[in-house]
Amino acid sequence: MAGQVFHCSVQLTREEGRKIIDGAMAQAREAKLPPLTIIVLDGGGHVIAAEREDGCAPLRFPVAQGKAYASLGIGVASGVSGARNAERTAFVASVAAASQGHFVAVAGGVPILDQQNCVIGAVGVSGASSEEDQQAAIAGIERAGLRWGLEPD
């Protein structure tokens with residue numbers, strides 16, 4: 001029967017994704033940041049929630065997605081990847097090409113962690129400075145009651 005299928009395992013729900021976005025937006029408005037775009041990816045790199053605020057430029061969506069994907073794909077915050085590889089421009093360009101442009105190695109992408117510190121998703125933010133983007137991503141994760149990390153201790 002067509003309606004009987006196995007369901008996929010879900011570690012990060014759409015509802016949690018919406019809470020992350022709402023929390024990040026609240027922090028951004030409190031800090032009077034420019035309009036933001038926020039993307040939440042699940043552990044497979046698929047968008048589960050996204051929002052572009054009024055007035056945010058259209059290129060911010062792929063930048064936010066690239067920050068989230070960089071964080072998810074490497075397992076550290078996107079800014080950490082950028083800092084670790086600042087002298088390795090060929091590596092960064094190769095990873096960006098291998099990911100079909102979905103690798104933006106500047107701050108603003110933050111991994112979402114489970115209780116065992118395994119990555120279950122990532123948030124990417126674009127629209128303000130890279131550091132402000134990262135702070136909005138962290139605030140969103142925290143306000144959703146989830147865990148985050150920039151890099152392992």
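Select helix α2, residues 60-74. In this predicted model, α2 lies across β1, β2, β3 and β4 (119-126). Check its direction against β4: α2 runs at about 150 degrees to that strand.

Next, show the strands. Five of them form an open sheet, in the order β2-β1-β4-β3-β5. The pairing is antiparallel. Now colour β2 (47-52) and β5 (147-148), which stand at the edges. Each has a single partner strand, so one side of each is left without a neighbour in the sheet.

Zoom in on one of the pairs. Strand β1, residues 37-42, pairs with β2 in the antiparallel sense, over five bridges. Pick Leu41 there: its bridge partner in β2 is Val47.

Go on to Val104. Where does Val104 lie? Look in the loop between α4 (89-98) and β3 (109-113). Display its contacts, leaving out residues up to four places away in sequence: Val104 touches Val63, Gly66, Lys67, Ala70 and Ser78. Then set a distance from Val104 to Ala68, C-alpha to C-alpha. The two are 36 residues apart in sequence and 8.1 Å apart in space.

Last stop: the largest pocket. About 170 Å³ of space lies in it. To outline this pocket, select Gly75, Val76, Pro111, Leu113, Asn117, Val119, Trp148, Gly149, Leu150, Glu151, Pro152 and Asp153, which line it. Colour this lining by residue class. Seven of its residues are nonpolar, three are polar and two are charged.

Key:
Residues numbered from 1 in each chain as written. Predicted model: local features only at pLDDT ≥ 70, side-chain atom pairs only at ≥ 80, totals over all residues. Heavy atoms only, no water. Helix = DSSP H or I, 4+ residues; strand = E, 2+ residues; numbered from the N terminus. Contact = heavy atoms within 4.5 Å. Pairing = 2+ DSSP bridges. Axes fitted to C-alpha atoms, helices over the stretch in contact; angles between N-to-C directions. 1 Å grid on protein atoms, 1.4 Å probe; cavity = no way out; pocket = protein on both sides within 12 Å on 5 of 7 lines; lining within 4 Å. Points joined across faces, edges and corners; volume = space filled by probe spheres on them. Nonpolar A, V, L, I, M, F, W, Y, C, P; charged D, E, K, R; others polar.
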